[in-house]
Amino acid sequence: MAPDTGRILTERLVLRRPVIGDIPALLDLHRDPLACAHNPSDALADRDAAISRYIEWDRCWRVFGHGYRAVRLLHDPAVIGFCGLKPSRVAGTPVLNLFYRLFPAHWGHGLASEAAVASVEWGAERMPRLPIVARIRPANAASRRVALRAGLVRVPDAVPEGPDGPEELYASTHGGRPATFPHLPTG
């Protein structure tokens with residue numbers, strides 16, 4: 001498959017491949033206690049940690065031709081967050097992990113949902129055999145709403161353990177049913 005150009009356009013947003021100049025936004029977002037409240041292990045302490053995260057994301061782009069994207073408003077170059085799909089595994093099953101995180105100033109306007117929907121549509125079109133998943137902490141109702149708006153459904157009884165504790169698993173559907181992960185602990 002040819003590498004992705006990195007750009008996805010929606011009604012209000014541009015999602016594009018992150019560049020070195022996005023490291024300050026990456027750091028600011030992942031230093032924001034509200035943005036990382038449900039996933040404190042994602043928090044970044046300093047510029048070196050942000051550079052390491054950027055290098056990890058850039059490696060994904062170089063190896064797979066896609067990954068997490070910087071999100072900005074259509075007519076404003078400032079990065080308002082990050083969203084996209086990255087190859088991962090759930091209980092040994094290859095998946096595309098859906099990630100979305102915006103600066104709190106942009107919450108409540110449907111922007112995370114718009115970015116997530118575009119990312120899921122991109123993944124379903126280009127890699128239809130891979131399930132798209134979102135791992136969500138049980139108390140994160142806003143993230144759950146975004147996953148549902150993006151077309152993911154809760155995988156019944158799946159309770160993966162994440163770095164910050166138990167998570168709920170949401171997945172894309174095939175034939176109307178969510179992907180299954182038979183080796184995943186259930187609760």
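Cys60 is buried in this predicted model, with a relative accessible area of 6%. The model as a whole holds 0 disulfides. An open sheet of 8 strands, with mixed pairing, carries packed helices, among them helix 2 and helix 3. The largest pocket has a volume of about 1100 Å³.

**Cysteines**

- The sulfur of Cys60 lies 14 Å from the closest cysteine sulfur, which belongs to Cys83, and this is too far for a bond.
- Cys36 is also a buried residue, with a relative accessible area of 4%.
- For Cys36 the closest cysteine sulfur is again in Cys83, at 15 Å, so the separation is too far for a bond.

- Strands of a sheet pair through backbone hydrogen bonds, in either a parallel or an antiparallel manner.
- In the open sheet of this model, the strand order is 1-2-3-4-5-6-10-7.
- Strand 1 (8-9) and strand 7 (153-154) are the edge strands, each pairing on one side only.
- Strand 6 (residues 132-136) and strand 10 (residues 168-171) run antiparallel and are joined by 4 bridges.
- Within this pairing, Ile136 stands opposite Glu168 of strand 10.

**Helices packed on the sheet**

- Helix 2 (residues 47-64) packs on the sheet, where it touches strand 3 (68-73), strand 4 (79-90) and strand 5 (93-102).
- The direction of helix 2 makes about 60° with that of strand 4.
- Helix 3 (residues 111-126) packs on the sheet as well, touching strand 1, strand 2 (13-16), strand 3, strand 4, strand 5 and strand 6.
- The direction of helix 3 makes about 40° with that of strand 4.

**Helix 1**

- Helix 1 spans residues 23-31, and its buried residues are Ile23, Ala25, Leu26, Leu27, Leu29 and His30.
- These buried residues pack against helix 2, strand 4 and strand 5.

**The largest pocket**

- Rolling a probe the size of a water molecule over the atoms shows where empty space remains.
- The largest pocket, with its volume of about 1100 Å³, is lined by 47 residues, of which Asn39, Phe99, Tyr100, Arg101 and Ser143 are the closest to its centre.
- Helix 2, strand 4, strand 5, helix 3, strand 6 and helix 4 (141-149) each supply at least two residues of the lining.
- Strand 5 gives the most to this lining, with 7 residues.

Conventions
Residues numbered from 1 in each chain as written. Predicted model: local features only at pLDDT ≥ 70, side-chain atom pairs only at ≥ 80, totals over all residues. Heavy atoms only, no water. Pairing = 2+ DSSP bridges. Contact = heavy atoms within 4.5 Å. Axes fitted to C-alpha atoms, helices over the stretch in contact; angles between N-to-C directions. Buried < 20%, exposed > 50% of the residue type's maximum accessible area, 1.4 Å probe, protein only. Disulfide = S-S within 2.5 Å. 1 Å grid on protein atoms, 1.4 Å probe; cavity = no way out; pocket = protein on both sides within 12 Å on 5 of 7 lines; lining within 4 Å. Points joined across faces, edges and corners; volume = space filled by probe spheres on them.
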